[in-house]
Amino acid sequence: MESHRAETAPRQPFLDLPPLNGVAGTVRLPGSKSISNRVLLLAGLCAGTTAVHDLLDSDDTRVMLDALAALGCDIERLGPSSVRVQGLDGRLRVQEARLFLGNAGTAMRPLAAALAVLATLQGGRFELAGVARMHERPIGDLVDALRPLGCNIACPGNEGYPPLRLSGSAGGALALDAPVRVRGDVSSQFLTALLMALPLAAAERAVVIEVEGELISRPYVEITLNLLARFGIDVRREGWQRFTIPAGSAYRSPGAIHVEGDASSASYFIAAGAIAATAAPLRIEGVGADSIQGDIHFIEAARAMGAEVLTGPNWLEVQRGAWPLRAIDLDANHIPDAAMTLAVMGLYADGRTRLHNIASWRVKETDRISAMATELRKFGAMVDEGEDWLSIEPPSHWHAAAIHTYDDHRMAMCASLAAFNGLAGATPPVPVRVLDPGCVAKTFPTYFDALLGVATASQQQVPVITVDGPTASGKGTLSSELAAALGYHHLDSGALYRATALAVLEAGADAGNEAAVAALAARLPIRFELQRVLLEGIDVSDRLREERVGLLASQISALPAVRAALVELQLGFRRAPGLVADGRDMGTVIFPGAALKVFLTASAAQRAERRHKQLISKGISANLDSLRADLEARDARDMQRSAAPLRPAQDARLLDNSALSIEASVEQVLAWWEDVQPFATR
Ligand SMILES: Nc1ncnc2c1ncn2[C@@H]1O[C@H](COP(=O)(O)OP(=O)(O)OP(=O)(O)O)[C@@H](O)[C@H]1O
Ligand SMILES: Nc1ccn([C@H]2C[C@H](O)[C@@H](COP(=O)(O)O)O2)c(=O)n1
């Protein structure tokens, strides 16, 4: 059964995760961000067309695709995760462009290098900018590597930081007699950027790049070298200090390329498996032993903490091994992104977990060392930090916490793993509030759906808000707005009675035969999908609102056997992260323990007027007086029946919205909801 889940709004203010107590099943990973953006740029620079399959669809890949389109690449969508890119063959097709690159380091750095090289050789003016945080992320080491080659690069904001202005005149040349020198100890993305840009200048001569300082994040450079080879560039490497792009190099399309699943994203599910897969392993599809991504080595760290991991070429199976997890002391330089997940696993460990050599965390989407320390402390953990290290001791007493995510997708995904706290002995288990959950759109837009698709929660821990009230009081409207604001599922219980009524009409059944109607209700082939109601796969949303269906729904809903037949179906909607249920008996009968119960009313005159407007707007003619008489008759029947009559639950809050707008009603209920939350706002 599908539930009527509100689509996650792009920038929902928060998502409350109830305590989770297990994981099971299979999760399919989205494409790797690092590979997606490298492949897109290489496809854009090379000769020929490249079909890119299993591409990540996220904020960061979208800015890269937009940038390539602005530079004159033809991009054709082949499917939801496939595009065909017509490459530029190393020739600028537009001489001027302003590119907005959001907060995508994997777009800003290589595009800056490629456009600096092309503008110097062929002439052009390009401006590369991003969001405010991008303008705080250093790019000076790349600028310092490119300027000695003759590239004209200005930093109109702060020297060494985006935005960048790149310019050159046609017929220019690059000074490539001496090796190109770049620092490798702050970010490996600068070396990657040069490795991707300088083949554009290696047709006639070899180009040598030398790394100054100890190169960090080498696995990412390995991804770059691997993909360059797929596009026809065989870079010779001497250790990690010297790289030679041979003379005569030219980008050639491989024709088609598949992007493997994101190994960094896999880390959240590996951790979830290590913490909560107790009955059977959690299967993760999309990456495995054949992965070219460095973050696949996260598996070794997870194993050291106790995870049991089986690997196949492109899948993993993970389950809990040692419990509690074992605390580790790890040089995490080789897995900088995935290592954040280890910090959260440290909440479930048997001692102090120490991660060091992670200075690059400080120049990522946010200062991740400081952010992680601040947020993990909110759960009650003892956290210490240094310039390039972090240590975490698990909470002795867990707190419900509202976690800031700093517009950093990895902070949000990491925070979600704290929701398994009940397994670490938190008494009582506490929910986790993830602020700005939409920031996961950077690399994994469907992350929370994926997590909640495999995670289990005890039904009693899943919060429910009930909204009961008479016909046309606005229950459905209010509930669906609340569900969207909270990222919760929505149960429109009236639709179940209406669907039963429709099934009775279609079957030509006797509506007075309680057993026959109950039998139809018990096997109602109903599904809710994207705000539509499907009966036997057919969209009946509009037919359910027909007057004859509403009238019969009101009659059959008085039959106790029919109500009983629909109970299990309704209870099944109570799934993480939470539920908003509307109807007549949600707070009194179906969810008597709901955390918040609202009884929504409005005057009969107002309700008749609203229903009248609603019908007129759909082109259905209606008479106000008969509408009012009809809804009063229906209310009377709903209130007077013996089975689950319409009435406020004893602990319901009454809301008369006769004089309230929809927005004001939603605000009022959200304010009540905050009242019953345990989150400390700090
Ligand atoms: N606070 C409000 N102010 C003005 N109009 C409202 C308000 N709330 C809802 N409405 C409008 O009233 C109409 C009826 O609302 P809705 O369908 O949500 O009611 P309902 O209680 O779910 O009805 P039913 O019991 O028939 O399912 C809709 O057109 C809706 O836009
Ligand atoms: N929990 C519920 C929900 C609905 N009903 C009945 C009462 C209504 O007349 C009919 C249709 O509901 P609507 O779509 O108008 O909300 O179903 C009920 O008895 N219990």
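Trainee: In which pocket does ligand 2 sit?

Mentor: A pocket is an open set of points on a 1 Å grid over the protein atoms alone, with protein on both sides within 12 Å along at least five of seven lines. A molecule sits in a pocket if more than half of its atoms lie within 2 Å of its grid points. In this structure, ligand 2 sits in the largest pocket. This is a predicted model, in which local features need pLDDT of at least 70 and side-chain atom pairs count only at pLDDT 80 or more. Residues are numbered from 1 along each chain as its sequence is written, and side-chain values use heavy atoms.

Trainee: Which residues come nearest to ligand 2?

Mentor: A residue is near a molecule if one of its heavy atoms lies within 4 Å of it. Of the 16 residues around ligand 2, Arg498, Arg563, Arg584, Asp585 and Arg641 come nearest.

Trainee: Which polar side-chain atom lies 2.9 Å from a nitrogen atom of ligand 2?

Mentor: A polar contact is a pair of N or O atoms within 3.5 Å. The atom in question belongs to serine 493. Oxygen atoms of ligand 2 are also approached: one is 2.8 Å from a side-chain N or O atom of arginine 563, and one lies 2.9 Å from a polar side-chain atom of arginine 641.

Trainee: Why does ligand 2 lie between domain 3 and domain 4?

Mentor: Domain bounds come from an automatic or database domain assignment. Ligand 2 lies between domain 3 (463-486 + 577-682) and domain 4 (489-575) because both give residues to the shell around it.

Note on methods: Chains lettered and ligands numbered in written order. Polar contact = N/O pair within 3.5 Å; in protein donor to acceptor, adjacent residues only side chain to side chain. 1 Å grid on protein atoms, 1.4 Å probe; cavity = no way out; pocket = protein on both sides within 12 Å on 5 of 7 lines; lining within 4 Å.
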